[in-house]
Amino acid sequence: MIELSVASLTLWTGALLTGLALVRLLTVEDLIARLIALNLTGGGTLLILVGLAARTEPVDPVPQALALTGIVITVAFTGVGLILVRAVDDDERPSRSADGRAHGHDEEANA
Amino acid sequence: MSPETTVGPLQLSLALALIVTAAATLYSRHRLTGVVLFLVFGVFLSIYWGVIGAPDVALAEAVIGTGVTGALFGYTATVMPRPAHDRRGSIARTIAGLAGGAGIGAGLGYFLTRAAAAPPGGSGEPVGLTGQATAAVPATGVEHPITGVLLNLRSYDTLMEMVVLLSAATVAVAFAPRSDAGSSTRGGAPASEQRGPAAPPIVRGFVSLVAPVVLLFAAWLLFAGSTQPGGAFQAGAALAAVMILVQTSGVGRLRIGPAMICLLLLGVLAFIAVGLGGLVLGDAWLLLRGEHAGTVTIALECILAVTIGASLAAVFLASAGRRR
Amino acid sequence: MTLLADIVTVLAGLAGAGFFTAGTLGLLRFPDLRSRLHALAKADSLGLGFVSLAVLVQADSAGTAAKVVLVWLLALAAAATSAYLLAGEERP
Amino acid sequence: MMQQLLTAVPLILIALSAAPALIIFMLPERANRTRVTINVAAAALKVGLMAAMVPLILRTDVAPELRIPFLPGTDLVLRIDSLSLLFTLLSALLWLVTTVYAIGYLAGRPNQRRFFGFFALCVTATVGIAFAGNLVTFLVFYEMLSLVTYPLVAHYGTSGALAAARVYLFYALGGGLLVLAATAWLTIVAGPVEFSPGGAEAVAALARDHPGVAIAIFGLLVAGFGVKAALFPFHSWLPRAMVAPAPVSALLHAVAVVKAGAFGLIRVIDDLYGVELAAGLGVLTPLLVVACFTVLYGSVRALLQDDIKKRLAYSTVSQVSYIALGLSMLSVVATTGGVVHLVHQGLSKITLFFCAGLVAEVWGIKKISQLDGLGRRMPLTAAAFTAGALSMIGIPPMAGFISKWQLGAGALDAGQPWVIGVLIGSALLNAAYFLPVVVRMWFRPPAEIREGPVENRTRPVLEAPATLLWPAVATACFAIAVGLFAGLPFSPLDVAGHIAERVYR
Amino acid sequence: MSALLPAAVLLPVITALACLALPRRAQPISGFLGGLASAAVNAAVVVAVTSHGVLEHHMAGWAPPLGIALRADGLAAAFVGLTGAVGFATLVFAASAEATTGRRTGFWPLAMLTWSGLMGIFLAADLFNAYVALEVLGLSAVGMVALGGRGAPRAALRYLIVAVVGSMLLLTAIGLVYAATSTLDMDLAGQRLTAEDGWLPLVLAATGMGLKTALVPMHAWLPPAHAGSPPAVSPLMSALVVKGSFYLILRLWLDVFPRNDAVALVLGVLGAVAVIWGGVLALAQRRLKRIVAYSTISQVGYLFLAFPLLNLPGHQPAMVSAVVAMALAHGLAKAAMFTAAGALMLGTGTDHVDGLVGAARSEGVLTAGMILSAVSLIGLPMSLGFTAKWQYLEVALQTGAWWIVLVLLTGTLLAAGYLLRPLAALIRDSDTHEEVGQAEIGPRPAAQRWVPLALGAMAVGAGLFTTDLTALTSIGWG
């Protein structure tokens with residue numbers, strides 16, 4: 001096969017992934033698709049992170065720990081993102097939604 | 001699976017598969033196909049991590065990056081009504097998007113490889129901290145280097161990471177569906193959320209079969225973490241999977257109530273307690289050396305796993321709970 | 001002993017691959033949801049059985065073997081339940 | 001102990017004017033009585049303290065000073081020298097008088113708390129400007145003055161008042177910015193520079209090495225201060241700001257704000273560059289030309305105004321330029337004339353503004369054409385107005401004459417005879433726009449008044465209430481006294497002479 | 001002594017845990033007490049740094065490059081002090097009324113987590129640890145913004161996406177630095193990083209942090225997020241959260257990345273554009289909170305304007321103290337302005353400028369607070385804003401950067417323009433009844449009156465302590 005070290009393959013995949021996802025992130029307006037693109041960018045960045053540092057024989061444990069932390073942080077952000085998507089959906093859907101309109105006066109004040 | 005230094009057919013095909021599924025997910029026509037393709041992408045990515053010799057990251061990607069995130073996306077996409085217009089982007093826009101993305105990716109890749117290829121900073125010592133890290137791991141009371149780094153060498157990172165999860169959980173508590181808005185019920189909400197249609201027997205059977213196995217798997221992951229890939233995060237995610245399964249199948253009903261909130265607090269509190277203990281006994285925060293370091297780490301991991309599971313479940317409830 | 005194991009692995013592997021392809025073909029060709037479910041559930045589960053057999057033989061310790069079998073059983077249960085649910089959705 | 005006491009004096013004086021402001025802001029709106037007592041007591045105390053300081057400062061030439069670390073390299077310096085003493089004495093005296101006048105004028109009107117609070121803050125700023133020992137401290141109080149006078153100009157809250165106040169603020173802030181840029185540049189090029197009589201040697205060194213930079217900085221400073229001193233291109237905010245209540249126009253636009261600009265010019269020309277150095281750089285002649293032009297331009301515009309306060313405003317524009325005129329001539333007598341005109345113009349102009357306020361308040365007269373026969377209706381006010389007007393024209397023995405005489409002598413001494421022509425011309429113009437008013441007041445039958453309070457119209461003689469009338473009369477008497485007793489020691493002329501001599505030493 | 005540093009990061013977390021456990025009624029009390037304790041610890045850190053110099057704590061006993069270190073030098077201590085002061089004042093403001101914290105629970109725990117994230121960034125000496133702290137800050141800030149009224153969740157979502165993209169750019173930069181220097185500790189990386197390795201991570205990190213600090217081309221997300229969030233959240237966002245990502249790029253610029261004039265010039269020019277464009281946009285706004293939000297964009301421009309001057313040899317200590325003074329001045333003044341705006345909005349029900357006419361008559365103290373903060377934001381004398389601009393001017397004039405002098409002066413006039421218009425409306429009380437009707441303000445609790453005044457007074461009063469601030473900032477500096 002073409003001589004290409006694992007590290008640079010990971011690097012290239014990560015870079016391409018991040019590029020693709022970043023462009024789509026800026027163009028799509030459906031919120032869930034945007035969050036998916038965000039996750040893909042996260043995956044791409046972690047690939048780059050480990051790809052950059054993966055040139056020692058047993059892959060260097062420190063970047064792996066960083067990648068692990070990155071994954072957990074991405075899931076935390078995605079979770080909050082989805083909660084907000086639901087909140088946006090409740091706000092902008094004209095039909096009544098289950099959680100009542102508290103603080104009417106505070107409501108239009110912040111419009 | 002010791003990683004070959006040169007790229008074999010498996011790695012190449014996986015890399016290609018990753019790029020193709022990513023493109024398909026990003027430019028999928030409907031929201032649900034996007035989510036399903038995202039799951040497929042997650043599976044490929046997990047395998048890819050395993051193949052290039054990062055088993056821990058592979059496991060984490062599988063359980064958290066694909067498992068829990070997939071569940072979150074899946075349920076939120078299905079519960080939310082489909083938007084009026086679906087994403088009817090024209091072919092030309094898709095091609096342009098793909099070309100643009102590939103261009104930026106190629107540019108980034110070119111610069112990154114050039115930077116990575118350059119010999120590391122003149123100090124000439126072996127690249128990365130592999131040597132020093134593996135040398136220091138025995139002192140942490142845990143054999144597996146990754147867990148050693150995560151829970152001892154750089155335990156402060158993990159503590160801050162737990163704070164990130166705590167923050168997500170707090171947002172979940174704030175946005176919990178009114179009926180089970182945890183400890184701060186403000187006035188009775190309208191009809192409390194019913195359980196939905198009674199679960200069909202086969203589902204109940206499936207859940208009662210699979211749930212214990214996954215719980216066992218979570219426990220195994222936790223304890224395996226000290227010697228081989230595994231650890232608190234993966235175990236926590238498995239726990240969350242069980243909770244999500246129970247909630248969605250309707251077998252049981254979870255609320256973000258005082259019990260759940262207590263679980264949310266436990267992990268960070270325990271970590272800070274260990275940190276304080278390290279300061280009092282040793283002379284630095286989070287100091288964990290000596291013979292009983294291993295047992296303390298394991299105990300801490302158990303609590304962390306429970307909290308991570310509870311946090312992810314809370315986020316699931318807040319985002320995917322039925323509104324009507 | 002290992003020669004026999006290798007032969008079993010190759011054969012079981014090929015059989016598994018064959019069943020998977022059959023399942024996918026079924027998915028593409030069959031007209032409605034139920035027949036597709038039928039093809040997928042059966043062919044893929046069988047295919048997975050063969051693949052796990054192929055891996056089972058190579059397993060170095062009883063523990064790993066038990067885990068592979070566990071994987072297969074869980075996959076079976078999951079396939080059955082999801083097929084049932086999907087079928088249930090589209091009541092005529 | 002003596003030295004320690006001395007350093008505390010500047011701080012005490014500033015605190016003396018700042019404290020009433022804070023207290024007034026704390027008091028509720030209706031606490032009129034306490035507010036009045038605080039104001040008058042603080043003003044009287046300050047005048048007393050300043051008067052006690054005069055012999056001490058002039059004779060023993062000690063300059064109490066206070067340093068507070070402020071910026072890396074430059075400190076906040078508060079120093080009392082003879083010039084700051086003269087200016088503070090003037091502002092303290094007129095603050096007392098105007099406070100009495102304002103209490104009468106605003107009785108029964110809303111928002112008095114805000115008015116008197118910012119009024120006291122404005123005087124604090126003026127005192128701060130007087131005591132400033134270096135350009136940075138001067139700038140701090142200069143900008144504070146702009147900010148604090150904004151609510152006073154916008155006091156009535158009408159859209160007209162707000163528009164005028166906004167114009168005023170932007171002119172003032174623009175001026176402040178020019179001074180900020182110049183100060184920063186000067187500090188970098190010549191290091192932290194302090195005011196010292198006869199000019200700072202660091203500035204002299206700068207002028208020697210790169211005169212271009214020194215001239216540019218001088219230009220910026222003069223432009224920055226010229227805005228408040230209402231020099232020609234920057235004067236248009238002054239007439240527009242006449243929309244403010246009478247006490248505000250009186251104190252601010254006759255004494256505090258306008259004089260702050262003039263005071264800035266004195267500090268720059270006398271205490272920063274030094275007159276000889278400035279002359280050497282050739283920057284004085286352009287300033288002289290601008291000053292002369294403003295003098296004439298102000299007088300001509302005043303001639304065309306029918307509204308009393310507008311006419312007085314343009315007269316201020318021209319009169320303040322006399323000070324600039326005096327400063328930009330290389331002679332001790334001219335500088336003395338410039339400095340002493342600061343006091344004389346203040347006293348005379350405040351009398352005129354007081355009378356304008358009186359007339360508007362009692363009879364509702366705003367136009368000059370309605371002033372016929374005022375002598376019969378309000379004899380005392382008319383008399384005070386006449387005294388002020390004569391002083392402005394420069395008729396002996398009034399205060400105005402003394403300073404114009406000095407300026408004339410200075411012009412001869414400095415070898416610029418054409419300036420005398422300008423002085424005579426402007427005196428004629430002053431006469432042209434003041435004398436008809438005086439004549440109209442005394443020798444014309446009283447015109448019938450349409451607007452204004454109805455019940456007053458029929459009454460033959462109606463003087464303003466005491467609190468309004470006596471301040472006007474008092475300042476008129478001061479103007480006369482200052483003119484008559486100019487020769488005495490410790491008179492404004494004597495102090496100005498003392499200052500001028502030290503500049504030329 | 002150095003054990004104070006982790007305590008400063010973890011104490012807010014413990015308070016957040018307490019607040020999460022308590023019902024909404026009890027949260028203000030526990031939050032207030034926690035805030036008090038955290039502010040005390042912050043003050044202790046500042047005092048410790050002034051007396052003992054640079055503090056360093058190796059977490060878990062491992063020294064860098066293996067372990068993580070927390071380090072507090074003068075620069076960090078200044079920002080720690082700012083967080084203590086503004087954070088505590090805002091918590092007092094939030095405790096005054098439940099309406100200030102938005103319509104959902106969750107303000108108190110999220111506010112304390114934001115505080116902890118900020119401390120994590122200011123005290124970080126490890127690159128990846130700074131990234132994780134930035135994430136703590138980002139996520140809790142997104143949570144807080146989302147507590148607002150109708151448009152808040154959408155603004156929060158947009159802010160979330162901006163925060164994640166910014167962090168990923170930073171993560172890539174950290175990966176590159178690690179690849180080049182095999183260490184994550186900032187000082188060690190700074191020593192080993194060479195110029196040709198250093199430019200790409202610098203560009204990525206600068207873009208990422210520029211995005212999170214809303215530098216001009218990437219500023220569109222800030223106004224809806226800061227203006228739409230609840231009254232108690234906006235001051236935290238504009239005064240502190242924005243400073244977190246700026247501090248990070250400043251720290252990386254000074255400690256890690258080698259000198260790069262091209263990037264410095266680009267950041268400087270973008271800063272200049274931000275000052276002007278932010279000012280112009282603020283002029284066009286009709287709602288008070290939006291004016292203050294766009295003012296943040298303009299003031300952030302000042303911070304980035306310093307980068308071209310930070311690079312020049314010999315001027316670095318002076319310029320660092322200038323940037324710190326500007327950041328602190330903006331922090332204090334902006335917190336005062338937003339708390340005052342929030343209080344006015346709660347009082348009159350709207351934050352439209354015409355709806356606030358004549359509010360000064362009944363809310364004199366509040367208006368005084370706004371006037372003082374306007375003085376500092378415009379940079380009028382005596383205020384910390386003035387002394388900061390003065391230090392900028394001095395360095396700019398010494399190095400002949402005339403365009404920076406011009407931007408500083410125009411910025412001052414613009415700030416005067418967009419700040420004085422709302423203030424004029426407040427002061428204007430149309431007793432002559434020819435104007436728009438008078439605004440009736442519901443009675444404001446004491447905290448909502450005195451917090452803006454206290455913060456405004458600090459913003460102006462701090463001007464007198466500029467020499468002490470310069471001394472503090474230069475601790476631990478070459």
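**Helices, strands and chain contacts in a predicted model**

Residues 6–23 of chain A are 100% helix and 0% strand, and the end C-alpha atoms of the span lie 26 Å apart. Helices here are DSSP runs (H or I, at least four residues), strands are DSSP runs of E (at least two residues), and both are numbered from the N terminus. The model is predicted: local features need pLDDT of at least 70, side-chain atom pairs count only at pLDDT 80 or more, and totals for chains, interfaces and linings use all residues. Residues are numbered from 1 along each chain as its sequence is written, while chains are lettered from A and ligands numbered from 1 in the order in which they are written.

Residues 66–88 of chain A are also 100% helix and 0% strand. Their end C-alpha atoms are 32 Å apart. An unreviewed UniProt entry lists residues 6–23, 35–54 and 66–88 of chain A under "transmembrane region". Such annotations may be inferred rather than shown by experiment; positions follow the numbering used here, and feature names are shortened.

Five pairs of chains are in contact, and chains A and B share the most contacts. A contact means that the C-beta atoms of two residues, placed from the backbone, lie within 7 Å. Ile64(B) takes part in this pairing. It sits in helix α3 (residues 55–79) of chain B. Beyond its neighbours within four places in sequence, Ile64(B) touches Ile71(A), Val72(A) and Val75(A), as well as Thr69(B), Phe233(B) and Ala237(B). Phe233(B) is 169 residues away in sequence, yet the two C-alpha atoms are 8.2 Å apart. Ile64(B) counts as buried because 27 other C-beta atoms lie within 10 Å. The cut-offs are 20 or more such atoms for buried, 12 or fewer for exposed, and partly exposed in between.

Chain E meets chain A through 33 of its own residues, against 32 of chain A. On the chain E side, α5 (127–146) and α6 (152–181) are the elements that give two or more residues. Helix α6(E) supplies the largest share, 16 residues. This side of chain E holds 20 nonpolar, nine polar and four charged residues. Nonpolar covers Ala, Val, Leu, Ile, Met, Phe, Trp, Tyr, Cys and Pro; charged covers Asp, Glu, Lys and Arg; the others, Gly among them, are polar. Chain C does not touch chain E, and their nearest C-alpha atoms are 33 Å apart.

Chain E also contains paired strands. Strand β1 (residues 55–58) runs antiparallel to β2(E), joined by four bridges. Pairing requires at least two DSSP bridges. His58(E) has Ala69(E) as its bridge partner in β2(E).
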